[in-house]
Amino acid sequence: MDRIFSGIQPTGDLHIGNWLGAVRNWVTLQDQFASIFCIVDLHAVTLPYEVSSLAARTRDMAIGLLAAGIDPERAILFVQSAVPEHAELEWLFTTVAPLGELERMTQFKDKTEKLESVPAGLLCYPILQAADILLYRANKVPVGEDQVQHLELTREIARRWNTAYAPEAAYFPEPQALLTPASRIKGLDGKAKMSKSLGNTIGLLESPEAIWEKLRPAATDPARVTRKDPGTPELCNIYALHQYFSPPETVSEVADKCRTAGWGCLDCKRRLADAMIGTLAPIRARATELKRAPDAVDAALAQGAERARSIARETLHEAKRRMGFFGAV
Ligand code: SF4
């Protein structure tokens, strides 16, 4: 069976962008592949962060993932820093990772644009991603389009390492992208990708009232200045969200009433809010239960880390053996 690896940062509660763009897909994939899902806290410390909440945000992310349907019996779910082999394999890969390509990574350039002093961790971020994936010799990686460049670098690192240390065996696979169908969910501002740091999200676990409070002022087609002005649904993020949360007949009705000015944007948003609240209600209920049992969540993560480590240890040992390290040969 093919093996997949995917990671998510410990940002606390999941938002609907994470869910539609990645996690919902993971829940389906866990039945099709040997699946490894990781809360990547080592990646999260490459930019300034709040130390006092990192552990809580990590557990909250685990609660969100479990509530959304990641099943620790079917998939391995763990926290990256609980498996130190990630960092060790990353170091081995720094010896073959091409500096020029690291510096050309779009995300590296975006993240460092305004920094006076650039931490080396930001440069090495894609090497750690390569280690995350290759530590489990995963051959498929569910990614959004914005991660394709990093995955290509992972393939390059695998090729270079194999050429140097496993020319006959290609020990590390060159993983293929499994492109996530809904990889770019726009935020409530209708402009940028939905992201917690931009404050344009709806949390997966938010109350019905909070969902409505956030949807009400959300951006729409600017052509609809008054209720009488017709709009173009394809230019409106509310219409895009209807397509994920509402049944097809509602989506058609939305498009029709938008084009003919048959209702106001608030009516349209109220309908979306109701659909969203209904869809997310079971996830919210499961999360509430899990929040009451943090020890059970921690135990599931510990068990996931143990399962991950048993694969990681073996891979790292073999990598070190092939690189000729004392104690591994
Ligand atoms: S009616 Fe709905 S789809 Fe049309 S602009 Fe308003 S919110 Fe968007």
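Let's start in a loop: alanine 261 lies in the stretch between H11 and H12. This is a predicted model, and its protein chain has 13 helices and five strands. The radius of gyration is 22 Å, close to the 20 Å that the globule rule gives for 329 residues, so the chain is as compact as a globular protein of that length.

- Alanine 261 counts as buried because its relative accessible area is 17%, and buried means under 20%.
- Arginine 137 also has a positive phi, near 45°, and is a residue other than glycine.
- You can find arginine 137 in the loop between helix H7 (120–134) and strand S4 (140–143).
- With 37% relative accessibility, arginine 137 is partly exposed.

**The chain as a whole**
- Along the principal axes, the C-alpha atoms of the protein chain fill a box of roughly 75 × 45 × 40 Å.
- Of the 329 residues in the chain, 50% are buried.

- The ligand takes up the space of the largest cavity.
- Helix H10 (237–245) and helix H12 (265–291) are the elements that give two or more residues to the shell around the ligand.
- Surrounding the ligand are Thr220, Asp221, Arg224, Cys236, Ile238, Tyr239, Cys258, Trp263, Cys265 and Cys268.
- By type, this shell is made of seven nonpolar residues, one polar residue and two charged residues.

**A look at helix H10**
- The buried residues of H10 are Asn237, Ile238, Tyr239, Leu241, His242 and Phe245.
- The cover over these buried residues includes helix H1 (16–29), helix H9 (208–215), helix H11 (248–259) and H12.
- Leucine 241 belongs to helix H10, and its relative accessible area of 1% makes it buried.
- Apart from neighbours within four places in sequence, leucine 241 is in contact with Ile16, Leu20, Ile185 and Leu272.

Methods:
Residues are numbered from 1 along each chain as its sequence is written. This is a predicted model: local features need pLDDT of at least 70, side-chain atom pairs count only at pLDDT 80 or more; totals for chains, interfaces and linings use all residues. Side-chain values use heavy atoms; hydrogens and water are left out. A residue is near a molecule or strand if one of its heavy atoms lies within 4 Å of it. On a 1 Å grid over the protein atoms alone, a cavity is a set of points where a 1.4 Å probe fits but cannot get out, and a pocket is an open set with protein on both sides within 12 Å along at least five of seven lines; lining residues have an atom within 4 Å of a point. A molecule sits in a cavity or pocket if more than half of its atoms lie within 2 Å of its grid points. Helices (H or I, at least four residues) and strands (E, at least two) are DSSP runs, numbered from the N terminus. Ala, Val, Leu, Ile, Met, Phe, Trp, Tyr, Cys and Pro count as nonpolar, Asp, Glu, Lys and Arg as charged, and the others, Gly among them, as polar. The radius of gyration is taken over C-alpha atoms; the globule rule is 2.2 Å times the number of residues to the power 0.38. Buried means under 20% relative accessible area, exposed over 50%, partly exposed in between (1.4 Å probe, protein chains only). Contact means heavy atoms within 4.5 Å.
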